[in-house]
Amino acid sequence: MYYQNQFQNYKRHLKDRYVNLVEKSNNYRFVDEAKSDLAAFKAMKLLEKINQVNYLDRDLVI
């Protein structure tokens with residue numbers, strides 16, 4: 001039970017960071033392309049990690 005709660009907290013943390021980075025990327029799109037690209041790249045890396053965590057979470061449920 002403890003590990004499931006810890007996993008849920010980690011997933012929530014990753015999703016919050018992902019949403020913030022996507023918003024930052026969209027806000028800087030026309031102002032500073034370098035900041036926008038960097039935020040979008042970090043968001044893609046986080047999305048990959050979120051997908052990995054979702055896969056592991058699915059294995060725990062089965």
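Select Lys11 to begin; this residue belongs to helix H1, which covers residues 2-27 (helices are DSSP runs of H or I with at least four residues, strands are runs of E with at least two, both numbered from the N terminus). The model is predicted: local features require pLDDT of at least 70 and side-chain atom pairs pLDDT 80 or more, whereas totals for chains, interfaces and linings use all residues. Residues are numbered from 1 along each chain as its sequence is written, and side-chain values use heavy atoms, with hydrogens and water left out.

Lys11 has a relative accessible area of 13% and is therefore buried (buried means under 20% relative accessible area, exposed over 50%, and partly exposed in between, with a 1.4 Å probe and protein chains only). Now display the partners of Lys11: beyond its neighbours within four places in sequence, this residue is in contact with Val53, Asn54 and Asp57 (contact means heavy atoms within 4.5 Å).

Gln4 is a residue of helix H1, and its relative accessible area of 40% makes it partly exposed.

Next, select Phe7, Leu14, Leu21, Ala39, Ala43, Leu46, Ile50 and Val53, the eight residues of the largest nonpolar core (a nonpolar core is a set of buried Ala, Val, Leu, Ile, Met, Phe, Trp, Tyr and Cys residues joined through side-chain atoms within 4.5 Å). Colouring by helix shows that H1 and helix H2 (33-61) each supply at least two residues of this core. H2 gives the largest share, with five residues. Centre on Ala43 within this group: setting aside residues up to four places away in sequence, Ala43 touches Tyr18, Leu21 and Val22.

Is Ser25 buried or exposed? Its relative accessibility is 6%, so Ser25 counts as buried. Not counting residues up to four places away in sequence, Ser25 touches Ser36, Ala39 and Ala40.

Then select Phe30, which is found in the loop between H1 and H2. With a relative accessible area of 78%, Phe30 is exposed. A C-alpha to C-alpha distance drawn from Phe30 to Tyr18 gives 20 Å, for two residues twelve apart in sequence.

For the surface, select Leu38, Phe41 and Met44, which make a nonpolar patch of about 320 Å². Patches are made of residues with over 30% relative accessible area and no salt bridge, joining like charges within 9 Å and nonpolar side chains (Val, Leu, Ile, Met, Phe, Trp, Tyr) within 5 Å; a salt bridge is a side-chain nitrogen of Lys or Arg within 4 Å of a carboxyl oxygen of Asp or Glu. Phe41 is in helix H2 and, at 45% relative accessibility, counts as partly exposed.

Finally, show the whole protein, whose secondary structure comes to two helices and zero strands. Its radius of gyration is 14 Å, well over the 11 Å given by the globule rule for 62 residues, so the protein is more spread out than a compact globule (the radius is taken over C-alpha atoms, and the rule is 2.2 Å times the number of residues to the power 0.38). Along the principal axes, the C-alpha atoms fill a box of roughly 45 × 15 × 10 Å. Buried residues make up 19% of the 62 residues.

Note on methods
Accessible areas come from the Shrake-Rupley method with a 1.4 Å probe; for residues, only the protein chains shown count as cover.
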